[in-house]
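I opened my notebook for a new structure today. Here is what I looked up, one entry at a time.

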2 protein chains.
Amino acid sequence: MKVALIGSGNVATHIAKAFKESGHQILQVCSPNIDHARELAEQVNADIIPHVSALTSLVDLIVIAVKDDAITEVATQLKDRDSIVVHTSGATDMEVLSHLKRYGVLYPLQTFTKTNDLDFSQVPLCIEAGDPESYQILKDVSTSLSTMVYAVNTMQRKILHLSAAFACNFVNQLYTLSNNLLLQNNLDFNLLRPLIKETAEKVQRVLPLEAQTGPAIRSDEGTLEAHLQLLQHMPELQHIYQTLSDSIKKSHQ
Amino acid sequence: MKVALIGSGNVATHIAKAFKESGHQILQVCSPNIDHARELAEQVNADIIPHVSALTSLVDLIVIAVKDDAITEVATQLKDRDSIVVHTSGATDMEVLSHLKRYGVLYPLQTFTKTNDLDFSQVPLCIEAGDPESYQILKDVSTSLSTMVYAVNTMQRKILHLSAAFACNFVNQLYTLSNNLLLQNNLDFNLLRPLIKETAEKVQRVLPLEAQTGPAIRSDEGTLEAHLQLLQHMPELQHIYQTLSDSIKKSHQ
């Protein structure tokens, strides 16, 4: 497939590489950040274009991988194009593209860092399209990129995006708070890394409800009290501790 | 080394196997739960004894791996023994053993499930002892079990145990809450598993503060507002969302 890419950030970079590695052709990369655009274009042998108006009509697919609040404006400039246009956002309605001839969504559910290679074939791709023919094309190309392709409507996609805040951003914040506790007591974060890894590994096989351990699920009030006592001068952590312990108890009632 | 083990739960099981695999000898397993004791004793070729009073004096080390609130009572029955006695609890003072001749702590910082094999050589072992000679013996035996051995005093150990509640129990609860959101919207937990894995993988290499992504760290108020809106009929989740988003913002001020 011939593809044009709008954007040059983390998502754009990982998607572009995945297309190339799966035998597709990225003809053009379009980004106002010319340094990022050049870097990405070099990696996937694409031309750089400075503006959407310079997009070739030779591409089958135009991928919009820009910040959420810029999608609508970019899409406005793509009116009358024959290519299928998709955005890659978890939080944006497909309908922002509905003035286009053929459109859809290709949302990769993963946390991307430019410098961090990951196996794109294991990235869940959530797809949706404005018409059945575009859906089939999008499904075929997605299947060539990843083994995990899911039909997901806009509402479900928003829920996934929200769930990812819990399972990724908030989880990472708990790692940060743990590390703060360690730092204050001259302890190395390496001490927690194996536990963090195993906690994530466990739920690859079972559901998290079955995997729970610790004082809250045992209603071990002595330990809960001792932990809160250790946090007595840290009201923010005490509040988070109490809130999440209560949540564990509630889930396991 | 010749070892006796008191307890037959998750920690006892994993420690016993690690001792055996590292060439040590488990002579006896003591547990009031005779089924569990038999299961474990068979795995490590040990004798079962029904009561602490039947412990042989031939062992170099007695490992107490029972519930926290049972440690003191077990320890009382070990008075006048010449073996080094250690408990394995993260939340219990070493001093509960101070009436013994030689004593210490061997705290493995990991989440253990009986049915789940893990590489014990990668489990951080936090050790502490009542005298330098016992410490050296404990350090030597620990080094034979794991590549990660740390000198950790009682206060630090309690902080580690508390941090583990954040980095394991609370993290797992966030997985559970994510899964609940998915279930309500006919979405499969498989969709989140790669994200969960990658989130834990990232902090194996960098610190969590550097790994943070998502709307809260970008102060993307539009997305934060949209997420809270999706949770409007779920006050508990809304509260957790707000609390942890605020915490992210504060950590990155």
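Predicted model: local features only at pLDDT ≥ 70, side-chain atom pairs only at ≥ 80, totals over all residues.

Charges came up in my opening entry: chain A has 20 positive and 28 negative charges, and their mean positions are 2 Å apart. I counted Lys and Arg as positive and Asp and Glu as negative, leaving out His and the chain ends. Each charge was placed at NZ of Lys, CZ of Arg, CG of Asp or CD of Glu.

Residues are numbered from 1 along each chain as its sequence is written, chains are lettered from A in the order in which they are written, and side-chain values use heavy atoms, without hydrogens and water.

Next I looked at the extent of chain A: its C-alpha trace spans about 70 × 35 × 30 Å along the principal axes. I found 9 helices and 8 strands in chain A; these are DSSP runs numbered from the N terminus, with at least four residues for helices (H or I) and at least two for strands (E).

Then I checked burial. Of the 253 residues in chain A, 55% are buried, meaning under 20% relative accessible area with a 1.4 Å probe, protein chains only.

My last entry is on chain B, where 8 strands form an open sheet of mixed pairing, in the order 3-2-1-4-5-6-7-8. I took strands as paired if DSSP finds at least two bridges between them. The edge strands of chain B are strand 3 (47-49) and strand 8 (149-151), each pairing on one side only.

Key:
Buried < 20%, exposed > 50% of the residue type's maximum accessible area, 1.4 Å probe, protein only.
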